[in-house]
Protein chains: 2
Amino acid sequence: MRLVVAKCQVDYAGRLTAHLPLATRVIMVKADGSVLVHADGGSYKPLNWMSPPCTLRESVGDDGVVEWTVAATKSDDTLRIRLEEVIHDSDHELGIDPGLQKDGVEKHLQELLAEHTTTLGPGMSLVRREYMTAIGPVDLLCKDAGGSVAVEIKRRGEIDGVEQLTRYLELMNRDPKLRPVRGVFAAQEIKPQARVLAQDRGIECVVVNYDELRGIEDPSLRLF
Amino acid sequence: MRLVVAKCQVDYAGRLTAHLPLATRVIMVKADGSVLVHADGGSYKPLNWMSPPCTLRESVGDDGVVEWTVAATKSDDTLRIRLEEVIHDSDHELGIDPGLQKDGVEKHLQELLAEHTTTLGPGMSLVRREYMTAIGPVDLLCKDAGGSVAVEIKRRGEIDGVEQLTRYLELMNRDPKLRPVRGVFAAQEIKPQARVLAQDRGIECVVVNYDELRGIEDPSLRLF
DNA sequence: TACTTAATTTCGGAG
DNA sequence: CTCCGAAGTTAAGTA
């Protein structure tokens, strides 16, 4: 990993065209050749970058200014960096990273809801997880006193989730052995537009709390 | 901007839980307090990070190991970094960045297509850009010999774009002054699933080439 | 390998 | 300020 702090100008040409005026920035060159240009703010996304695989070529222009040309291997995307003044330049051996361990994403939410279907409504019981249909798997197929219920689970409930569930319901309600099938849209957070569309489609919305569910799952996590 | 290279362990708790085992990594601390933990590969996304606004507190554990606790201001997200061994530590004044100038995104595609509606079909002419409906603006409203045509433009054509256009068509075909309205789905690239769904809905797909359109727009850009 | 879906998405614009 | 859609999205899982 090479770290360079420099007064630089950057131009990108590829899927779009972008330009960065002269200013002091941090440039990271990773072991795989990828390059990131960061400013002193603006969250984790770099101002400009080149994804691997790519190659870096250093040259000196007519005016004596050092210029880096980073070219993608599989497309003709290029990133040009003019280094007007280098303030810092260091190189470090990092080795391969053991990688990130995650917990608490959509899959876990589905597992927890499959264990605690009553969260989705009184008398609700699980028929199948990942119930397969011609157009894809329904997250949960449940049933209660009123009949079959298809459940779509999202971490964040937005319009396309409601559309997805609508497609499943359309299809399943053509099957005489299943129909009538109602829909439940379950998410940790449901956006207003998604809620309106769901209501319009007769789909019930359920906001689920991951921590609460996990608390049911593992009583040792309860606060009292 | 502070740059630290260190053998470290990282733990994140917030919207999810994540853990990074002990390894050598680069840590960026930006002026706004945000922190990025990068490995020597894996594109522009950090392994772990904390978005601004947040605050960094440095402490020393019982075992004498320096530990950073980065806490978000508006939520209870926290990032803990145990610095087992610091290999490099430097600080740099960057100043504010003038920002990125972009060109060639969806908006431009819409502008170009509005100028060259015949790309979308023979005899096609523009009625209005951003034609307003109760559920949002249709990118282009056109007409040809066959009547009105609603055009949805995407850089990459996927299922949700077709769904969006379907909703517009449903609504517009209820209006006696407009109907019948046909649909055209225009994108630089159309995914197979989206194409199938569009066909099922009677929506025509058009693949547009940004560079070609720009060439029509500005003859000086033509290659001959 | 190609395609689909999720993401601690981030970012910008409009109401 | 919130809400909504686009992104050079990236990354992971599956057929």
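Start by selecting DNA strand C: of its atoms within 4 Å of the protein, 75% belong to sugar or phosphate and the rest to bases. Before you go on, know that this is a predicted model, in which local features need pLDDT of at least 70, side-chain atom pairs count only at pLDDT 80 or more, and totals for chains, interfaces and linings use all residues. Residues are numbered from 1 along each chain as its sequence is written, chains are lettered from A and ligands numbered from 1 in the order in which they are written, and side-chain values use heavy atoms, with hydrogens and water left out.

**Stop 1: around strand C**

Now show the protein residues near the strand (near means that a heavy atom of the residue lies within 4 Å of it). There are 18 residues around DNA strand C, and those that come nearest are G42(A), K154(A), R155(A), N48(B) and Q193(B). By class, the residues of this surface near DNA strand C are five nonpolar, five polar and eight charged. For that count, Ala, Val, Leu, Ile, Met, Phe, Trp, Tyr, Cys and Pro are nonpolar, Asp, Glu, Lys and Arg are charged, and the others, Gly among them, are polar.

K154(A) puts a polar side-chain atom 2.8 Å from a phosphate oxygen of DNA strand C. With E106(A), a backbone N or O atom lies 3.0 Å from a phosphate oxygen of DNA strand C. From the other chain, R15(B) has a polar side-chain atom 3.4 Å from a phosphate oxygen of DNA strand C.

Colour by secondary structure next (helices, H or I of at least four residues, and strands, E of at least two, are DSSP runs numbered from the N terminus). Two elements give two or more residues to the surface near DNA strand C: β11 (147-157) of chain A and β4 (48-50) of chain B. The largest share, three residues, comes from β11(A).

**Stop 2: around strand D**

Of the 20 residues around DNA strand D, you'll find N48(A), W49(A), G42(B), K154(B) and R155(B) nearest. Sugar and phosphate make up 77% of the atoms of DNA strand D that come within 4 Å of the protein. The surface near DNA strand D has seven nonpolar, five polar and eight charged residues.

Click on S51(A): one of its polar side-chain atoms lies 3.4 Å from a phosphate oxygen of DNA strand D. Q193(A) uses a backbone N or O atom, 3.2 Å from a phosphate oxygen of DNA strand D. Over in chain B, a polar side-chain atom of R156(B) is 3.4 Å from a phosphate oxygen of DNA strand D. The elements giving two or more residues to the surface near DNA strand D are β4 (48-50) and α3 (192-200) of chain A, plus β11 (147-157) of chain B.

**Stop 3: the two chains together**

Now show I159(A), E163(A) and R167(A) in α2(A), which meet I159(B), E163(B) and R167(B) in α2(B). This contact (heavy atoms within 4.5 Å) of α2(A) with α2(B) has two nonpolar, no polar and four charged residues.

**Stop 4**

Most residues other than glycine have a negative phi, and most peptide bonds are trans. S43(B), not a glycine, has a positive phi of about 65 degrees; look for S43(B) in the loop between β3 (35-38) and β4 of chain B. A cis peptide bond joins R179(A) and P180(A), with omega about 5 degrees, and P180(A) sits in the loop between α2 and β12 (181-190) of chain A. Finish at the cis peptide bond from P52(B) to P53(B), where omega is near 0 degrees; P53(B) is in the loop between β4 and β5 (54-60) of chain B.

Technical notes: A polar contact is a pair of N or O atoms within 3.5 Å; within protein, one must be able to donate a hydrogen and the other to accept it, and residues adjacent in sequence count only if both atoms are side-chain atoms.
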